[in-house]
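Subject: A structure for you to look at

Hello,

Here is the structure I promised to pass on to you. Please open it next to this email, and follow along as you read.

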Amino acid sequence: MDPKAAVLVNAVPPYGHILCSEKWRTSSLIQRLRNEGVKIFFEEELGVADFHLPNKMCLLYVSECDIIAGNGYKRKLVCYRNARRSFQELVLVERTRLSEQYFSAVQKFVVFDLGLFMLPVSGQTEASQLITEIVLEDSSG
């Protein structure tokens, strides 16, 4: 691994900020975070994580599309679990009408098989509210 990449994989943003995978740049989630006053740094080399938060927490987002498309998300989750050492890991999983039938299997895999913390969210709006709450709570204390 390139030394710069190793540093970024373990980077912690300042309070009130997040590090975000470049793939999220044009998403509605990012627009909502900006509207709430969260400062965002984009980076291509965050490893498997989608977001790094200032409280040494990293997030991986599993979308409705990921779940419905099949078991490909499992490989990403295993890599996520194996890649992190000094961060608290959290997995946000979209629980929607379409993904509901798969949700219990996803939950079992994430929580019991991999031992990761998981929170269901209804979509990017709820995910942005959760991330904003974590980031701004940390920056006020």
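Helices (H or I, at least four residues) and strands (E, at least two) are DSSP runs, numbered from the N terminus. By that rule the chain holds 6 helices and 6 strands, and their order along the sequence is α-β-α-β-β-β-α-α-β-α-β-α.

Two notes before the details. This is a predicted model, where local features need pLDDT of at least 70 and side-chain atom pairs count only at pLDDT 80 or more, while totals for chains, interfaces and linings use all residues. Residues are numbered from 1 along each chain as its sequence is written, and side-chain values use heavy atoms, with hydrogens and water left out.

The score called pLDDT is the predictor's confidence in each residue, from 0 to 100. Its mean over the chain is 89, and 89% of the residues reach 70 or more. Confidence is highest in strand S6 (residues 117-121), with a mean of 97, and lowest in helix H1 (residues 3-9), with a mean of 49. Over residues 3-7 the pLDDT is below 50, and this stretch has 4 contacts in the model beyond near neighbours in sequence; contact means heavy atoms within 4.5 Å. Where pLDDT is low, the predicted coordinates should not be read in detail.

The chain as a whole

I call a residue buried under 20% relative accessible area, exposed over 50%, and partly exposed in between (1.4 Å probe, protein chains only). Of the 141 residues in the chain, 45% are buried. Among contacts between residues at least 6 apart in sequence, 70% join residues at least 24 apart.

The cavity

On a 1 Å grid over the protein atoms alone, a cavity is a set of points where a 1.4 Å probe fits but cannot get out, and lining residues have an atom within 4 Å of a point. Grid points are joined across faces, edges and corners, and a volume is the space filled by probe spheres set on the points. The search of the whole structure finds 1 cavity of 30 Å³ or more, and the largest cavity has about 40 Å³ of space.

Which residues line the largest cavity? They are Leu60, Tyr61, Val62, Asp66, Tyr73, Lys76 and Leu77. Strand S4 (57-62) and helix H4 (72-83) each supply at least two residues of this lining.

Some loop residues

Gly123 sits in the loop between S6 and helix H6 (124-140). Is Gly123 buried or exposed? Gly123 counts as buried because its relative accessibility is 10%. Leaving aside neighbours within four places in sequence, Gly123 is in contact with Tyr61 and Glu94. Gly123 and Ser63 are 60 residues apart in sequence, with 7.8 Å between their C-alpha atoms.

Ser122 is in the loop between S6 and H6 too. Not counting residues up to four places away in sequence, Ser122 touches Arg95 and Thr96.

Asn71 belongs to the loop between helix H3 (64-69) and H4. With a relative accessibility of 53%, Asn71 counts as exposed. From Asn71 to Val106 is 35 residues in sequence and 9.4 Å in space, C-alpha to C-alpha.

Lastly, look at Lys56, in the loop between strand S3 (51-53) and S4. Lys56 has a phi near 60°, a positive value in a residue other than glycine. Most residues other than glycine have a negative phi. Lys56 is partly exposed, with a relative accessible area of 40%.

Enjoy exploring!

Key: 1 Å grid on protein atoms, 1.4 Å probe; cavity = no way out; pocket = protein on both sides within 12 Å on 5 of 7 lines; lining within 4 Å.
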